[in-house]
Amino acid sequence: MQFNSYSYLLLLVPAVILFWSFPHSWRRWYVLAVSILFYATWNPLFVFLPIGICVTTFLCARSMQGDPPRARRWMWTGIVIVLAALSFFKYRGFITHNVSEWLAALGVFRGVSVGAIVLPLGISFYSFEAISYLVDVRQKRLQKLDFIDLCLFICFWPHLIAGPIVRARELIPQLKFSVEFETSVVVRGLDRIVWGLVQKNLFANSLAGWIDTGFLPDVARLNTTVDNWFLAVAFGLQIYFDFAAYSNMAIGSAQLLGIRLPENFSFPYHAMTPPEFWAKWHMTLSRWVRDYLFFPINARYAGSPWALYLSLIGVMALVGLWHGAGWGFVLWGIMHGSYLVLYRIWEALRSTRLGPLTTSRYTSWAWRALTLVMVATAWIPFRAGNLHQSAVMMKSMFVGLSFGNSLSVNFYLVTLMIGAFVAVEPYLARGRQWLDEALAKRFANVNVLLFRPAIYACGLLLFLVFDDRNTQFIYFQF
Amino acid sequence: MKPALSSLWILASTLLFLALLVTIDPFQQAIQLLDKMYGAAPEWTLVGKLYVDPETQETSHGENPVPSFQRLSEYWSRHAAVRHVYLVGNSQMYMVLLAPGEPLSDNPEKTYPDLLNEFYRAHDSRVEVYRLAAPNITYMEALWYLTYLVQHRELEPNTFVLQLNYETFRKTGIRDGMLTMLDDPNFASMIDKLARNDRPHSGLFLMALQKRREQIAKLGKTTRNDGGEAAHTGIAESARIGNQIETDFRSQLDRIPRFSQRLYMKGEFEGVLYRARVFLLHIKPTTPRSLSEATLTLNRSAIEDIANLCREHKIELILVNAPQNPSALLYRTAADHSLYENTIRSIASLHGLPLYDFESAIPASDWGVWIDGPDPIHFGRRGHDLMAKIMIEQEVVSKELQASGATYTTRVAPTLSAVSGND
């Protein structure tokens with residue numbers, strides 16, 4: 001059941017009403033049951049996977065507390081089991097295919113293949129959450145262990161499928177569901193859900209068809225420089241609105257239950273530098289990677305800049321691989337890792353004679369433009385079918401420039417329109433906040449009871465008008 | 001107000017506002033306002049009352065062709081002894097956009113394929129013409145259609161008249177409405193075969209197969225493994241319970257009056273954007289454009305596959321270079337014009353196909369007016385009449401009547417009848 005499906009939206013209303021009508025003590029069980037049912041609407045058989053991961057994680061965590069000398073071993077046992085499940089479902093085919101190819105290249109043997117298994121929905125997300133739980137217990141950031149808390153933390157339906165990736169210590173205390181019902185709970189929730197619906201149906205889906213065609217291998221091979229730049233930008237916009245929409249609907253759904261989930265996006269295309277981009281894009285993944293991967297690796301090899309640079313590229317390559325079992329994703333990660341390294345080197349120049357240059361206003365604008373160009377370029381391998389296609393498209397973007405448009409003129413116009421919207425998005429958000437505050441001061445009731453419903457209706461109209469059942473969220477596959 | 005009560009109020013008033021918006025139809029209002037502001041051509045010039053005959057026309061215009069083919073199959077099995085001719089092309093074949101000075105008629109308007117049929121039936125020429133047209137049809141779709149037709153003996157054509165058009169060489173893809181044809185297993189396996197071929201347009205077929213597989217899954221039905229090996233996660237296919245619930249919800253919601261209006265409103269919303277493009281950015285349907293190598297390659301390969309399929313099934317393939325409005329030529333440069341001409345001529349000569357060039361057949365005065373200027377694709381009543389006359393005189397569809405002395409009598413006085421002759 002997708003967040004932008006009619007069934008989800010219509011079932012959410014009674015689900016929320018029932019939630020608030022239950023006594024506090026029942027709410028935990030109710031939310032857990034609804035979460036499991038929500039996952040079962042996709043595939044009842046695979047419900048056992050997140051539950052199995054919860055059981056494994058809990059047993060390992062309890063063993064860590066009960067057997068402190070072997071805590072490290074228990075943590076790694078849990079992590080290995082979780083990663084084994086993730087690898088089995090997500091990377092089995094990729095690993096087998098590549099090993100088979102390499103062995104064949106060495107003349108050993110070929111022809112090893114594995115049967116296709118459906119990727120369990122959300123496995124990449126809840127695996128990371130389970131790992132963070134184990135590490136937090138090991139580092140004593142979590143003291144009190146409770147199996148139901150853990151199940152709710154992993155399976156809480158608003159973030160189960162595609163995040164935001166939550167930390168146990170920020171979600172578990174809220175899962176007592178002790179908040180009292182207020183109108184603001186509904187308003188905050190609906191604000192996010194309706195905006196998410198518009199982002200998904202109006203912005204992300206409008207570009208999807210052209211992007212699918214433009215990235216077809218035989219089309220991409222003949223694309224002009226202009227086509228490929230527009231496709232890179234358009235895909236960047238599509239994935240941003242698609243994932244931001246999902247995150248907004250997840251955050252909104254949680255808010256309807258009085259739970260605050262962390263933000264996932266903060267106008268990423270306004271980033272001035274590559275590190276800032278990662279502080280604004282998929283923020284919960286960035287901080288997970290920083291806290292549970294980059295810091296531990298870097299702490300071990302501290303001191304050497306080369307170790308830092310290598311760890312940045314290596315960690316980002318893993319982030320790429322987390323997104324999908326393909327070399328295109330790995331290349332995307334390596335490219336982003338290289339951008340981060342490039343910026344680190346630039347920052348290191350501050351202490352040299354080039355210092356004044358690095359702090360100039362023009363340089364910061366140049367970095368802003370460069371960041372956009374680099375981020376857009378990296379979307380090519382992320383979206384393209386294979387490395388060869390990525391190379392062909394990227395080559396046409398920078399070498400042997402060619403002009404003309406292969407796709408409908410509407411594609412270029414819609415991309416420009418949506419791009420222009422992204423350019424003014426933070427200012428619109430600020431304006432909306434100002435208006436909200438102004439209305440709240442003088443016309444609080446009119447705002448909540450009249451103005452907002454009118455805005456919601458406009459958003460819902462756009463959602464309904466651009467309803468397309470044939471699209472799903474891009475991040476569902478990761 | 002209590003929180004629970006105010007929350008219910010918010011929900012109820014949101015739904016009320018939504019119902020109000022659907023009733024007001026703001027996008028239609030915006031279209032009318034823009035048309036008024038910029039002096040667009042009156043709406044009535046686009047004729048709404050057209051002659052409809054499901055036995056000679058694919059009436060869904062590509063949105064759901066299977067029922068049309070079922071109907072045709074029944075009709076043609078009763079007329080098996082005659083020559084079955086398909087006219088395949090874009091909306092030029094089924095739209096009438098009245099030219100300046102042409103009054104609106106009370107009778108249903110006929111297009112040139114209808115007039116051809118009428119003529120051949122009247123002269124008992126043992127020819128049945130079927131109009132297989134869709135808006136902005138692509139050559140991949142024409143190949144898609146032909147592949148379907150040759151899978152069904154009673155639908156198999158004797159002659160396949162393919163309209164060639166500069167604008168069509170800029171289009172690619174298979175529309176969603178045609179995907180239901182994949183429910184025919186023989187056809188699906190043929191398309192699967194084409195999708196696996198190393199042809200430039202194969203990827204589009206693969207994409208179409210994958211899309212249909214996901215559509216079927218989302219309807220809560222079981223999917224067949226007929227869709228090639230497109231990389232996908234299988235998420236849509238696996239979500240059986242969720243898909244079934246969604247399908248049930250949708251069918252219930254569609255019973256609410258005006259709920260299905262939403263799909264129509266999408267067209268209106270796009271109409272607003274389209275008008276904004278035309279009026280504000282001055283990017284009009286008549287704005288000349290260049291052909292890109294990518295679309296040219298895809299379309300050329302699709303037409304060549306059509307030629308090969310016709311040869312394989314002993315179907316006569318005829319190419320017709322469709323009329324263009326002389327006052328709204330779409331070529332951006334002379335090089336574009338020669339590239340297009342060279343392409344269609346080289347396809348014709350490579351495959352030994354007859355090519356009729358009717359590009360300048362319809363004089364400027366017979367073309368319709370669209371929004372704020374001459375329409376590049378659609379002509380009026382005189383235009384259709386003239387086109388039928390030319391096709392009969394040039395013996396595009398049938399060569400049997402000329403000898404018998406049968407001639408086409410025009411319904412309206414043509415202003416010009418010069419054609420550039422066949423090639």
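1. Buried here means under 20% relative accessible area, exposed over 50%, and partly exposed in between, with a 1.4 Å probe and protein chains only. Helices (H or I, at least four residues) and strands (E, at least two) are DSSP runs numbered from the N terminus. By these terms, strand β4 of chain B, residues 316-321, is mostly covered. Five of its six residues are buried.

2. This is a predicted model: local features need pLDDT of at least 70, side-chain atom pairs count only at pLDDT 80 or more, and totals for chains, interfaces and linings use all residues. Residues are numbered from 1 along each chain as its sequence is written, chains are lettered from A and ligands numbered from 1 in the order in which they are written, and side-chain values use heavy atoms, with hydrogens and water left out.

3. What does β4(B) pair with? Two strands pair if DSSP finds at least two bridges between them. Strand β3 of chain B (residues 159-164) runs parallel to β4(B) over six bridges. Within β4(B), B:Ile318 faces B:Val161. Strand β5 of chain B (residues 355-357) is also a parallel partner of β4(B), over three bridges. There, B:Val320 has B:Tyr356 in β5(B) as its bridge partner.

4. From β4(B) the chain passes through helix α12 of chain B (residues 334-351) to β5(B), a right-handed β-α-β crossover. Right-handed means that, with the strands pointing away from the viewer, the path from the first strand over the helix to the second runs clockwise.

5. Why are there no disulfides? A disulfide is a pair of cysteine sulfur atoms within 2.5 Å, and the count over all chains is zero. The sulfur of A:Cys155 has its closest cysteine sulfur in A:Cys54, at 4.2 Å, so the two are too far apart for a bond. For A:Cys60 the closest cysteine sulfur is also that of A:Cys54, at 12 Å, again too far. A:Cys155 is buried at 4% relative accessibility. A:Cys60 is buried at 5%.

6. The second largest pocket has a volume of about 1,300 Å³. Its lining holds 39 residues, with A:Asp191, A:Arg192, A:Trp195, A:Ala429 and A:Arg432 nearest the centre. Elements giving two or more residues to this lining are α9 (183-214), α11 (225-255), α19 (409-442) and α20 (444-465) of chain A. The largest share, ten residues, is from α9(A). A pocket is an open set of points on a 1 Å grid over the protein atoms alone, where a 1.4 Å probe fits, with protein on both sides within 12 Å along at least five of seven lines; lining residues have an atom within 4 Å of a point. Volume is the space filled by probe spheres set on the points.

7. By residue class, the lining of the second largest pocket has 21 nonpolar, eight polar and ten charged residues. Asp, Glu, Lys and Arg count as charged; Ala, Val, Leu, Ile, Met, Phe, Trp, Tyr, Cys and Pro as nonpolar; the others, Gly among them, as polar.
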